[in-house]
Amino acid sequence: MSLPIAPGAIAGLRVIDLSRVLGGPYCTQILADHGADVVKVEPPAGDETRDWGPPFHDDDAAYFIGTNRNKRSIGLDLASEGGRTVLMRMLENADVMIENFKPGTLDKWGIGNDFLREKFPQLIHCRISGFGGDGPHGGHPGYDAIIQSMVGLMASTGSQESGPTRIGVALVDMCTGLYACVGILMALAERAKSGLGQFVEATLYETGLAIMHPHTANYFYNGGKPPALTGNEHPNLVPYAVFAARDGNIFMGVGNDGTFRKLCRELGKPDLGTDVRFARNRDRVQNRDALRAELEAILKDHDSAPLCERLLGAGLPAGPVQSIDKALANAHTKHRGDIIEKDWYKGVASPVRFDRTKASLRHVPPKFNEHFNEILTEFGYSGDEIKELVAKGTVSGSERKR
């Protein structure tokens, strides 16, 4: 689906994006989808995720393409004094700068937060890092899977048979990008009152801890007992798990006792809803194995898709366990316009919907340094000055430095 071009809720916002890989680019794609002018400043070697393939489109990996639409690219050597001079000019009329350098890097270059606060008092400076700049791990590199292992996420995912298991998407990275986006928007709202920008920090480590609900809450109020590996089972709700139907697996979730009784009626076994072993959620948690046996004996006679449709139609949470190709081809996905296309590009639309200031797909993900000439011209550089910057290697030419 090609969405019409719309002004976007934050049209007019200028973002200088120095970030690479996932958390930062995911954050700035959210802003870009909703109208921000995002200038992606890449090192001479480019964002390394351009190489994270196959699959590729031309020379860019699908991994890069998935988080960099609606942006313009310039290759700039920030390790050079000339590159930092160009950046300073770009920041003169910027609202937000986001980066994920190792804490201390900007200070080493003489453009740390204290400098930025004094030179650009209205600028929102957002930094994404693994652990932040202080503490025992301050300045250490952070990667999604490492954080999953350190905050208890991996130790609470998986079954007794599988052992601790990494979640199959970079959940910590992406949630850190979401928190960074929320932080930027809150800082912008505060700036509208104070007239001042501020430093916004989002770390993978603290994001990992923050998303560990309900395990942290359970730990605090369960005598300090860490969660057990329960596979697809929920530690607090039963039934809330994967069950085998006749032709495949389904997931059913029940949030309260009334819903459980309704589920039992829909499955043709109303007596299960009043069975003393299962009547209350606390009873079902204690007797989860017995309830699973009862439910699987019923579900083995049902096909997954029609059963889930019937349960959903009755207001009961249930869905077939299906692969990504089926999810993308689903009738609901198509009806909601969740797949967006432009030229060669195809992706998943912004999940944030507005009735007036809609998200839009304005630009396909940029080629490396694709917009350097127009960007530098916008910031007041003449044609001769641009040629000189390229000749010096301050601004990249047409090729990445490998």
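**Stop one: the parallel sheet**

Start with the open sheet of six strands, ordered S5-S2-S1-S6-S7-S8 and paired in parallel. Strands here are DSSP runs of E with at least two residues, helices are runs of H or I with at least four, and both are numbered from the N terminus. Two strands pair if DSSP finds at least two bridges between them. A word on what you're looking at: this is a predicted model, where local features need pLDDT of at least 70 and side-chain atom pairs count only at pLDDT 80 or more, while totals for chains, interfaces and linings use all residues. Residues are numbered from 1 along each chain as its sequence is written, and side-chain values use heavy atoms, with hydrogens and water left out.

Now colour the edges: strand S5 (71–75) and strand S8 (199–203) each pair on one side only. Across the sheet, neighbouring strands are turned by 20 degrees against each other on average, direction ignored. Axes are lines fitted to C-alpha atoms, for helices over the stretch in contact, and angles run from 0 to 180 degrees between N-to-C directions.

Next, select strand S1 (residues 14–17) together with S2: the two run parallel and are joined by four bridges. Show valine 15 and you'll find valine 38 of S2 opposite.

Contact means heavy atoms within 4.5 Å.

Which residues of H1 meet H7? Show Gly23, Tyr26, Cys27, Ile30 and Leu31. On the H7 side, the residues they meet include Met174, Gly177, Leu178, Cys181 and Ile184. The residues of this contact divide into ten nonpolar, two polar and one charged (Ala, Val, Leu, Ile, Met, Phe, Trp, Tyr, Cys and Pro count as nonpolar, Asp, Glu, Lys and Arg as charged, and the others, Gly among them, as polar).

**Stop three: the antiparallel sheet**

Jump to the open sheet of three strands, S9-S10-S11, with antiparallel pairing. Strand S9 (240–244) and strand S11 (318–320) are the edges with a single partner strand each, so one side of each has no neighbour in the sheet. The twist averages 25 degrees from one strand to the next.

Zoom in on S9 and S10, which pair over five bridges and are joined by a hairpin through four residues. Now pick phenylalanine 251 in S10: this residue is the bridge partner of valine 242 and also stands opposite glycine 319 in S11. Strand S10 (residues 249–253) pairs with S11 over three bridges, and isoleucine 250 stands opposite proline 320 of S11.

Then show helix H12 (residues 288–299), which lies across S9 and S10 at about 45 degrees to S9.

**Last stop: an aromatic pair**

The whole structure holds six aromatic pairs. Select tryptophan 52 and tyrosine 63: their ring centres are 4.9 Å apart and their planes at 65 degrees, so the pair is edge-to-face (Phe, Tyr and Trp rings, the six-membered one for Trp, pair with centres within 6.5 Å; planes under 30 degrees apart are stacked, over 60 edge-to-face, the rest tilted). Tryptophan 52 sits in the loop between strand S2 (37–42) and strand S3 (56–57), and tyrosine 63 in helix H2 (residues 62–65), eleven residues apart.
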